Amino acid sequence: MEEHAPARFLTVMEVANTMRVSKMTVYRLLHSGELPGLRVGRSFRVPADALEAYLRSAATESRSA
């Protein structure tokens, strides 16, 4: 039987610090659907692997532009 590592979730502030952008920018990305996230009560959580995928795709887009 396979064991999976538990999913790691980041707060909006952690995502903003990682990306070095404002919290408002992170909220815009979440609301537009560009960055996947989960609503937990009144706040959002972003899966760490989703942030990594977003950053990889953003880096790829900027190289091809």
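Analyst: Patches are made of residues with over 30% relative accessible area and no salt bridge, where like charges are joined within 9 Å and nonpolar side chains (Val, Leu, Ile, Met, Phe, Trp, Tyr) within 5 Å. A salt bridge is a side-chain nitrogen of Lys or Arg within 4 Å of a carboxyl oxygen of Asp or Glu. Accessible areas come from the Shrake-Rupley method with a 1.4 Å probe, and for residues only the protein chains shown count as cover. The model is predicted: local features need pLDDT of at least 70, side-chain atom pairs count only at pLDDT 80 or more, and totals for chains, interfaces and linings use all residues. Residues are numbered from 1 along each chain as its sequence is written, and side-chain values use heavy atoms, with hydrogens and water left out.

User: Which residues make the nonpolar surface patch of about 260 Å²?

Analyst: Residues are called buried under 20% relative accessible area, exposed over 50%, and partly exposed in between (1.4 Å probe, protein chains only). V40 is partly exposed at 47%, and L38 is partly exposed at 43%. The nonpolar patch, of about 260 Å², is made by F9, L38 and V40.

User: In which strand does V40 lie?

Analyst: Helices (H or I, at least four residues) and strands (E, at least two) are DSSP runs, numbered from the N terminus. L38 lies in strand 2. The run that holds V40 covers residues 38-40 and is strand 2.

User: What separates the C-alpha atoms of L38 and F9?

Analyst: Contact means heavy atoms within 4.5 Å. Leaving aside neighbours within four places in sequence, L38 is in contact with F9, S43, F44 and R45. L38 and F9 are 29 residues apart along the chain, and their C-alpha atoms are separated by 9.2 Å.

User: What pattern does the protein chain follow along the sequence?

Analyst: The protein chain has three helices and three strands. Read along the sequence, these elements give the pattern β-α-α-β-β-α.

User: Is R20 buried or exposed?

Analyst: R20 lies in the loop between helix 1 (12-19) and helix 2 (23-32). Although R20 is not a glycine, its phi is positive, about 55°. With a relative accessible area of 78%, which is over the 50% limit, R20 is exposed.

User: Which residues are in contact with H31, leaving aside its neighbours within four places in sequence?

Analyst: H31 is found in helix 2. H31 counts as exposed, because its relative accessibility is 57%. Its C-alpha atom is separated by 12 Å from that of R45, 14 residues apart along the chain. Leaving aside neighbours within four places in sequence, the contacts of H31 are R39 and F44.

User: How far apart in space are E34 and Y54, C-alpha to C-alpha?

Analyst: E34 is found in the loop between helix 2 and strand 2. Leaving aside neighbours within four places in sequence, E34 is in contact with L29 and Y54. E34 and Y54 are 20 residues apart in sequence, and their distance in space, C-alpha to C-alpha, is 7.9 Å.

User: How far apart do the centres of the positive and negative side chains lie?

Analyst: Lys and Arg count as positive and Asp and Glu as negative, while His and the chain ends are not counted. The place of a charge is taken as NZ of Lys, CZ of Arg, CG of Asp or CD of Glu. The protein chain has 9 positive and 7 negative side chains, and the centres of the two sets lie apart by 13 Å.
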